[in-house]
Amino acid sequence: YQAMWSALLDSGKWMGEIWDRRKNGEIFPKLMTITAVRDDRQRVTHYVGVFRDISNRKKSEQEIHQLAFYDALTKLPNRRLLIDRLQQALAVSARNNRHGALLFLDLDHFKTVNDTQGHAMGDQLLVEVAHRLQACVREGDSVARLGGDEFVVLLEDLGAGADEAAAQTETVAEKSRTELDKPYKLKDFECLSTVSIGISLFFEHRESAEDLLMHADVAMYQAKTAGRNALRFFDPQMQTALDMRAALETDLRYALEKRQFRLYYQVQVDNLRRPLGAEVLLRWDHPERGLVSPMEF
């Protein structure tokens, strides 16, 4: 109001958004224009105010913002808002020299719930998972849903030392895993659902937000490989091995048409060492790697 009167006294006109109260007590937003009316001597005699109720516009803006930055089902931040918060967390980490962490969570066998109980029941499970995750973190931390049954937790201000940060992160991850492991009562159906968690620590701006997400995702798949219902920290050597595997898979797509496979025959014998047949073994004669064992491809 001070700014409004300052503008009116200076220029004789003001326009802006204000809150007002209806006769029934309801508070609503309105766009208001106030103009000074002057007499023949240019003295202000009174002011004329014209306003428009912008409740619907404000509601629409809020709905658009909700759709743009939040998951419609769980009301958690979506990927877009998570990336924004992660970039801010990286800046704060660089300024305060404190570690942070990303937890990438994926429900184990979620597809089974959808296939056997229906998508509506699966949606209820996701909503309950969101509530439990929010109860496991501090007020300043963020829980987001990337889509499907994938969730991400962003932890900040974990300490200056990597060991200390890792220990705090593991505590939160184990707490989350324990909570999500408890039975879910969904209407008349009770189900159990475990979770696999991948963890990536960050410090300052050493990695981009997208790289951190990818690393946590890689670690999560390692937890899946380890038998599910587990947590794993990202290891750079893990990423190197995955890159090599990806390159091998790419080459493998063209190996058949380039006739790079060779058959080797290993004789099979009985207890008197008499030949009974042969085991056919495949070898990949790679132009750069040499003979590649089936153990690798």
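My cut-offs are under 20% relative accessible area for buried, over 50% for exposed, and partly exposed in between, with a 1.4 Å probe and protein chains only. The side chain of arginine 138 meets that of aspartate 141 in a salt bridge, 2.8 Å from N to O. I count a salt bridge when a side-chain nitrogen of Lys or Arg lies within 4 Å of a carboxyl oxygen of Asp or Glu. Aspartate 141 has a relative accessible area of 10%, so I list it as buried.

I note that this is a predicted model: local features need pLDDT of at least 70, side-chain atom pairs count only at pLDDT 80 or more, and totals for chains, interfaces and linings use all residues. Residues are numbered from 1 along each chain as its sequence is written, and side-chain values use heavy atoms, with hydrogens and water left out.

**Salt bridges**

I searched the whole structure and got 20 salt bridges. One of them joins lysine 58 to glutamate 17, with the closest N and O atoms 2.7 Å apart. This pair links distant parts of the chain, since lysine 58 sits in helix α2 (residues 55-69) and glutamate 17 in strand β1 (residues 13-21), 41 residues apart. For helices I take DSSP runs of H or I with at least four residues, for strands runs of E with at least two, numbered from the N terminus. Lysine 58 is partly exposed at 29% relative accessibility, and glutamate 17 is partly exposed at 43%. I also find Glu17, Arg57, Lys58 and Glu61 linked in a network of salt bridges.

I then checked aspartate 270, which forms a salt bridge with arginine 274; their closest N and O atoms are 2.9 Å apart. Arginine 274 comes out as partly exposed, at 49% relative accessibility.

**Hairpin and patch**

I traced strand β2 (residues 27-38) and strand β3 (residues 44-53), which run antiparallel and are joined by 9 bridges. Two strands pair if DSSP finds at least two bridges between them. Valine 37 has histidine 46 in β3 as its bridge partner. The hairpin of β2 and β3 has 5 residues between the strands, and glutamine 42 there takes a positive phi near 65°.

On the surface I find a nonpolar patch of Tyr1, Trp5, Leu9, Val44 and Tyr47, with about 570 Å² of accessible area together. Helix α1 (2-11) and strand β3 are the elements that give two or more residues to this patch. Patch residues have over 30% relative accessible area and no salt bridge; like charges are joined within 9 Å, and nonpolar side chains (Val, Leu, Ile, Met, Phe, Trp, Tyr) within 5 Å. Areas come from the Shrake-Rupley method with a 1.4 Å probe, and for residues only the protein chains shown count as cover. Tyrosine 47 is in strand β3 and is partly exposed at 31% relative accessibility.

**Histidine 215**

I place histidine 215 in helix α7 (residues 209-225), where it is buried at 9% relative accessibility. Its side chain makes a polar contact of 3.0 Å with the side chain of glutamate 207.

**Whole protein**

I count 8 helices and 13 strands. The radius of gyration is 31 Å, well over the 19 Å that the globule rule gives for 297 residues, so the protein is more spread out than a compact globule. The radius is taken over C-alpha atoms, and the rule is 2.2 Å times the number of residues to the power 0.38. For the polar contact above, I require N or O atoms within 3.5 Å, within protein one able to donate a hydrogen and the other to accept it, and residues adjacent in sequence count only if both atoms are side-chain atoms.
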